[in-house]
Amino acid sequence: MPLSEIRGAGAAPEAMCLDGISFSYGRHLVLDGISLAIGAGEFVALTGPNGSGKSSLVRVALGLSAPQAGTVRLLGHSPAALGQRWRVGYVPQRAMLADHLPATVEEVVASGCVARRGWYRRPRPQDAARVDAALDVVALDDHRHVPVAELSGGQQQRAFIARALASEPELLVLDEPIAGVDVESQGRFRDALVTRCRTDGVAVLLVSHELGAVAEDLDRVVLLRGGHLAFDGPPAKLTAEGVSLGVHHMDLPVWLEGLG
Amino acid sequence: MTLPLPWPFDRQYMQLALAAGVVVGVCAPLIGTFLVQKRLSLMGDGVGHMAFAGVAAGLLAGVSPLWAALAVAVAGAMTIEWLRLRRRASGDLALAVFFYSGIAAGVVLSGLAGSLNAGMLTYLFGSVLTVSPADAVTICALGTLILAVVAVAWRAMFAVVLDEEAARVAGLPVDALSLGLAALTAVTVVAAMRVVGVLLVAALMVLPVGSAQRVARSFAATLRWAVAIGVGSVVAGLALARAGGLAPGGTIVLVSAAAFAVTAAFGGRLGARTA
């Protein structure tokens, strides 16, 4: 799909723009000519069967891997030229194996402020305020002094989302953040993302197999299949094709498995 | 000059040993805390073996073994980290290559220098009771450098060891911080070489941290506990060594291992979870 169609007339300023991205591991082509744009305040889900190239796309989009063809622009700049990298928040897949690390929730979240203030600088009052705000958004304020290793998987994931939020990013990328997360945490997670999107105009790219928790809030669903963009449109259009994002009989994971 | 300290630190040689030992007791666990979180617990061991090659090279070339060890150890540690960062080799494979190359080069070079004798053994196992005032000044200077860098960079280093990829996306200078930590590891090893020796230096980087993890509930507290246990092990180890006529380097490490055994047995909740 050409970029002019994706962007549309009068779209919000682009937080992320991928144009004709091709990427391969050795001879294995993983992404083949992907074009994708996400505007400020947009809530976009990226999904697809296992091995469809989702994580590779995220790595290329964040500048962690260089594409063989195509261009990446983050907040109007190439990843290498974006001076204020803290404007992009990232929650990696399986963010940390935390069971051996005696770090408190507050310490983990505060580590998200280091890049913004400068790595050699001491924390300032506004950093503490950003940590407080991020903890509030993910509803972990009461757990700030608890070691991360003592939290449930869902709470840990929320702590890492708070770390990404602590720098007040304009673009937030989350790679499989709700896999195996309890229902209460999924609700908190949904509230946190929707607040950032709708209130603060943060662009959110959520990579996941499970979109039930956020199905009603998404602006677009992007479906990758075999390294190609198989679908890019509103959830309603996907529903019209007989696929529900919720937990119904024809839900997304089952459908994706069928595609794979 | 001898300070009016009580037994067992009433003699000058014990006071010099105490000064050098306390610096190492502070710095080794401090750096070790970051290495353990990076799952590079044996980095100190690998760098220690390269420092051994450096000592031998210094003896062969007729230059100061300590400064030669520092040069070789810093270069080797940064190369290990560079290989890991560039994914040319996994962390443990890169370590193993340098670990064995270091000890082999040390044996060959010291053979060439005709110095594979008691002199080399003081570097392998430490000789803290023969620390000269000049050695103590050098060790204190290296310790001050380590403390100054950690005081400025520890929050950024924590962000990197917590999640290297997220730190890279956020724009932290991950490569520079990782290479800096590797260089500090080498400086610590060389500072500790006279105290516990290159064969045991990694123990002071790892054992106090393992103990601290079992009693601390935050990363900052882990750093504080690790340093306290490191300094406590050095002081108690030196006292026991004098009282019993024991080898001081080995005694310091055994005290540190005993502290680990106690915290592993009676440590807090984190210990219970990771045991």
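Predicted model: local features only at pLDDT ≥ 70, side-chain atom pairs only at ≥ 80, totals over all residues.
Two residues are in contact if their C-beta atoms, placed from the backbone, lie within 7 Å.

Start with a pair of helices in chain B. Helix α3(B) spans residues 65–85, and helix α8(B) spans residues 174–196. Their axes come within 8 Å and cross at roughly 150 degrees. The crossing of α3(B) past α8(B) is right-handed.

Now look at the residues that meet there. From α3(B) come L66(B), A69(B), L70(B), A73(B), V74(B), A77(B), M78(B), I80(B), E81(B), W82(B) and L85(B). Facing them, α8(B) brings D175(B), S178(B), L179(B), A182(B), A183(B), T185(B), A186(B), V187(B), V189(B), V190(B) and M193(B). Sorted by class, this helix contact holds 18 nonpolar, two polar and two charged residues.

Turn to chain A. Its fold has nine helices and nine strands. The chain runs to 260 residues, and 50% of them are buried. Take the contacts in chain A between residues at least 6 apart in sequence: 72% of these join residues at least 24 apart.

Last comes the contact between the chains. Chain A gives 26 residues to it, and chain B gives 27. On the side of chain A that touches chain B, three elements each supply at least two residues: β5 (88–91), α3 (105–110) and α4 (114–117) of chain A. The residues on that side of chain A divide into 18 nonpolar, four polar and four charged.

Key
Residues numbered from 1 in each chain as written. Chains lettered and ligands numbered in written order. Axes fitted to C-alpha atoms, helices over the stretch in contact; angles between N-to-C directions. Helix = DSSP H or I, 4+ residues; strand = E, 2+ residues; numbered from the N terminus. Left-handed = near helix turned anticlockwise from the far one by under 90°. Nonpolar A, V, L, I, M, F, W, Y, C, P; charged D, E, K, R; others polar. Buried ≥ 20, exposed ≤ 12 C-beta atoms within 10 Å, placed from the backbone.
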